[in-house]
Amino acid sequence: MSTHSLTKASLRAEGLPRRRAVNRLMELLAWLAAALGVAILAVVVWSVARRGAGALNLDLLTRTPVLFSLTPVRQGLANAFAGSLVIVGIATLLALPVGILVAIYLNEFARPSVRSAVSLALDVLNGVPAIVIGIFVYGLLVVGHGQSAFAGSFALACIMLPLVARSTMEVLALVPMSLREASLALGVPRWRTTLSIVLPQTIGGIVTGTVLAVARVAGETAPLLFTSSLVGTQVGWDPHHALQTVPVAIFELAESSDPADHARAWAAALVLLLFILFASLGARWLVARASRRLGAVR
Amino acid sequence: MRTLALIAAVVAASVAAGTAGATPVKQSGTTLVGAGSSFVAPLVSQWIPAVGSAYGYGLQYSPIGSGGGINAITGRTVDFGASDAPLSPDQFTACKGCAQIPWALSATAVIYNLNGVKNLLHMDGPTLAGIFSGQIAAWDDAAIKKLNPGVSLPSAKIAIVHRSDNSGTTYNFTDYLSSASPAWRSATGTGVAVNWPVGSGARGSSGVAATVAQTQGGIGYVDVAYAKANQLQFLAMKNQSGKFTTPGLRGIIAAASSDQKPDPATNQLSIVNPPKKYDLAYPISTYTYVIVPLQSSKAQELRKFLFWAVTKGQAFGPKLLFQPIPKNVLVVAEKTIAKIHN
Amino acid sequence: MSGANLTFDRPRRPFTGRRFRFGDVSLQAVAGAAAAATTFLVVLIAYKVVRGAQPAIERYGAHFVTRVAWDPVKNVYGAGSFLFGTALTSLLALAIAAPLAIGIALFLTELAPRRLRGPVTALVETLAAIPSVVIGLWGILVLGPILRDHVEPALHSALGFIPLFGSPSSTGSSVFTAVVVLTIMILPIVASISRELFLGVPRDLKEGAFALGTTRWEMVRGVVFPYARGGIAAALILGLGRAVGEAIAVTQVIGTGVGIHWNLFDTGDTLASKIAASYQGAQSNIQIASLVYLGLILLVFSLLMNVSAQVIVRRAARRQGVGFNRGGAG
């Protein structure tokens with residue numbers, strides 16, 4: 001892009017009516033682009049909402065799927081919802097403490113060289129495609145042992161970790177240095193300062209980051225294909241077994257021939273979408289609240 | 001924020017309550033996990049509740065395709081694999097002490113979607129090979145017309161749908177094409193996944209059935225149970241005696257009588273394109289196998305399950321167009337099952 | 001000692017500098033262990049992927065990258081077809097999404113009435129949060145049939161002389177559908193990053209341009225774009241990285257195919273979608289190793305794009321004082 005000279009002479013030389021016309025055109029294009037973007041979103045969300053709402057019933061949550069039947073039979077996705085709860089829950093339990101600790105280390109303790117190295121590692125981890133994480137966890141935990149919800153959770157935790165760590169780092173950085181210094185000056189040991197004074201200030205941001213990370217992995221399919229896809233039709237809670245999950249269920253139902261399967265896929269997609277929407281909106285609201293409280297300038 | 005957390009907790013708890021109350025998990029402990037062929041999935045799905053109530057075992061089965069099943073049992077990520085394609089010597093070696101046991105018998109239907117044509121279309125091997133290699137591109141091609149005199153065929157393009165995953169049904173289908181057409185054998189050959197000259201891929205037999213059902217002029221191949229479930233038309237295939245047969249119980253058992261001796265080393269049977277003598281045979285029939293490690297920590301449960309499957313389990317077959325396996329094959333199967341040990 | 005002296009007789013501990021409290025040391029140790037574990041995890045991922053691809057690397061070497069073949073019967077594998085598919089789909093998707101996204105960002109920062117800004121921004125961010133499997137579901141069941149029945153025949157009859165628009169697909173699964181799906185996935189990422197960048201352009205620079213008598217478009221062209229240039233480039237790279245790594249939505253709509261076809265309405269495969277489609281049923285060890293080799297190539301490209309983009313974006317954001325937490329590929 002060439003630097004455009006904005007001298008009065010050059011502008012006058014081009015002629016005002018023509019410039020105004022070009023400006024109008026560009027504004028129109030921008031309006032069109034925005035309309036198109038909104039339209040796309042509306043179409044996708046409307047598709048899911050309309051087809052999903054029609055198929056949404058209690059059966060989805062209380063009945064389990066049937067592998068094959070010659071005639072239509074009432075079924076649902078109870079096993080997928082249960083499995084998603086377990087897998088995402090365990091993934092959060094794995095990623096949350098590690099993410100917070102990494103953020104604490106980078107923000108409070110690390111030397112600049114170590115800090116940039118670990119920060120780079122976090123960026124790299126964030127940049128690994130989910131399907132490669134699936135291959136990795138498959139080779140690490142599944143070969144020889146069999147699939148399990150634990151393996152699936154570990155894969156999701158790898159995806160969540162950089163998200164949690166980054167958002168925690170951001171809020172930790174927002175806590176003013178003076179707070180730490182005052183605490184240390186009063187004789188509070190460093191570890192106590194970090195855990196009891198600094199960290200509580202950041203709880204809102206940590207929760208926000210965690211909620212966003214959960215919303216992100218709740219819909220992750222690729223790593224679960226490798227780690228928790230050979231599943232049964234019954235509801236199970238044991239993480240040693242492979243458990244069905246909502247995104248994998250949607251993936252499989254989408255390719256089926258039965259319109260009833262499609263309907264259940266839409267319904268499950270709607271539930272997933274609503275969960276993610278509420279989680280994201282909730283997180284944004286928390287961000288607004290937290291930044292107001294910390295007085296951050298956005 | 002506390003209210004949000006409260007709401008989240010309530011929602012999670014109610015989901016948990018709803019799903020837990022759904023179907024109480026009846027099994028008394030052992031779960032048998034299997035994966036593989038989508039061909040045999042209709043039959044296995046009937047077995048799941050039956051085995052549960054008979055022995056209290058929780059049977060899990062994932063129809064990921066025969067290739068996936070062989071892969072899974074080789075890596076011991078499942079307790080048993082299922083494949084319609086018999087294991088090659090390399091695969092036997094890789095599987096390290098696995099046994100291959102024929103446990104079901106059915107056929108591959110060639111499904112098609114031509115809304116205007118209500119008649120049962122006739123087809124033979126070489127023409128079918130011509131279609132799937134792209135040489136015959138339209139439904140009103142001369143070769144197809146010759147086999148179906150008097151039927152008005154539309155000039156629609158033939159849209160081929162094949163399996164995108166590694167599939168025993170593909171193996172069975174390409175085995176038949178290779179046997180009926182030397183041109184196909186040299187150009188493309190037999191396998192669970194081949195270099196398809198034309199066509200688009202779909203995952204699983206259900207995927208192929210779905211795609212054909214939604215594509216005008218589509219043609220594909222699936223286990224006949226899927227054709228029945230989706231009410232899809234299938235072709236009547238010409239067997240070696242010149243008769244046109246459909247994938248029904250009669251055609252299947254006639255084909256099965258063409259090979260009654262499982263291979264002594266691998267238990268393999270080949271009943272594709274049977275010789276002229278078997279004039280009622282449907283030429284794309286096949287056995288399907290369960291692959292188990294001869295040494296397993298769940299040996300007792302596997303033996304019980306497999307004995308049940310090849311005897312009482314066969315009774316669930318006929319309405320899904322699975323023929324109960326013949327007596328001499330059953331004897332060999334039972335002998336092999338008895339060898340599974342701890 | 002006289003009573004006027006206020007020295008204390010209590011023995012004083014010598015000052016030893018930093019005091020080693022058990023609590024401090026353990027917190028640092030535990031937190032440091034977490035950081036070390038994270039770094040180790042990254043190294044482990046790279047190691048495992050290279051190790052898994054090793055049989056294929058040994059057999060095919062670097063030739064694998066350019067060979068256009070994937071034959072499980074003859075056991076000949078190569079990444080050429082899928083590199084082409086990845087390049088074609090991702091670059092096309094970016095070419096379509098970029099102007100749209102920048103237009104949306106401009107709209108949100110310069111043109112939109114105040115009441116609209118909040119809701120439309122929220123809408124765009126929501127589109128980013130839709131899981132790829134849901135977009136894939138929509139692609140298979142809604143988009144595919146529409147493209148197959150209306151759009152592709154129309155494009156073919158109007159622009160059929162261009163090799164890109166050859167004979168339409170019969171099933172709705174095609175490279176073209178994948179391009180549309182990827183465009184929908186890249187759009188919100190590029191749009192929201194661009195929006196943050198445009199918001200960060202200093203007001204006085206913009207007002208200075210207006211004072212010179214520029215129209216709004218001239219101001220954007222002369223002030224906003226040059227200022228945000230680096231950040232937008234990073235946003236585009238990030239969007240491209242997202243498209244390159246997308247496996248699920250693409251494999252649902254692309255139909256599978258091997259070979260270099262320029263017809264957008266043909267089926268095809270990308271690096272990521274091939275892995276997703278074939279991994280479960282891979283037969284031989286060499287096929288599995290070849291699939292992991294594909295994953296290695298994918299990893300290298302994704303990392304190059306995502307890491308450099310993240311670094312640039314964070315640097316630009318820090319300069320402007322806003323925060324970022326963008327996810328990687330799905």
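This is a predicted model: local features need pLDDT of at least 70, side-chain atom pairs count only at pLDDT 80 or more; totals for chains, interfaces and linings use all residues.
Buried here means under 20% relative accessible area, exposed means over 50%, and partly exposed is whatever falls in between, using a 1.4 Å probe and protein chains only. Residues are numbered from 1 along each chain as its sequence is written, chains are lettered from A and ligands numbered from 1 in the order in which they are written, and side-chain values use heavy atoms, with hydrogens and water left out.

**Chain C at a glance**

- Chain C has ten helices and two strands, taken as DSSP runs numbered from the N terminus (H or I of at least four residues for helices, E of at least two for strands).
- Walk along the sequence of chain C and you get α-β-β-α-α-α-α-α-α-α-α-α.
- Of the 330 residues in chain C, 58% are buried.
- Take contacts (heavy atoms within 4.5 Å) in chain C with a separation of 6 or more: 73% of them join residues 24 or more positions apart.
- Chain C exposes about 13800 Å², with 64% of that supplied by carbon and sulfur atoms; accessible areas come from the Shrake-Rupley method with a 1.4 Å probe, and for residues only the protein chains shown count as cover.

**Nonpolar cores**

- A nonpolar core is a set of buried Ala, Val, Leu, Ile, Met, Phe, Trp, Tyr and Cys residues joined through side-chain atoms within 4.5 Å.
- The largest one has 172 residues, and the members touching the most others are Ile131(A), Phe64(C), Phe198(C), Tyr279(C) and Leu294(C).
- Helix α5 (residues 175-199) of chain C gives this core its largest share, 16 residues.
- Another core, of 103 residues, lies apart from it and includes Ala35(B), Val44(B), Leu114(B) and Tyr282(B).
- Setting aside neighbours within four places in sequence, Phe64(C) has contacts that include Trp70(C), Tyr77(C), Tyr293(C), Leu294(C) and Ile297(C).

**Where chains C and A meet**

- On each side the count is 88: 88 residues of chain C are in contact with 88 residues of chain A.
- About 7900 Å² is buried between chain C and chain A, 75% of it from carbon and sulfur atoms; buried area is the accessible area (1.4 Å probe) that two parts lose on being put together, summed over both.
- One salt bridge turns up across this interface, the rule being a side-chain nitrogen of Lys or Arg within 4 Å of a carboxyl oxygen of Asp or Glu.

**Salt bridges**

- Over all chains, the structure holds 16 salt bridges.
- The pair from the opening runs from Arg19(A) in helix α2 (residues 16-55) of chain A to Glu218(C) in helix α7 (residues 216-245) of chain C.
- Within chain A, Arg74(A) and Asp59(A) make a salt bridge at 2.8 Å, N to O.
- Arg74(A) sits in the loop between α3 (58-62) and α4 (78-109) of chain A and Asp59(A) in helix α3, so the pair ties together parts 15 residues apart in sequence.
- Arg74(A) is exposed at 54% relative accessible area, while Asp59(A) is buried at 13%.
- Arg216(A) and Glu220(A) also form a salt bridge, with their closest N and O atoms 3.1 Å apart.
- Arg216(A) is partly exposed at 23% relative accessibility, and Glu220(A) is buried at 4%.
- Shared partners link Asp59(A), Arg63(A) and Arg74(A) into one salt-bridge network.
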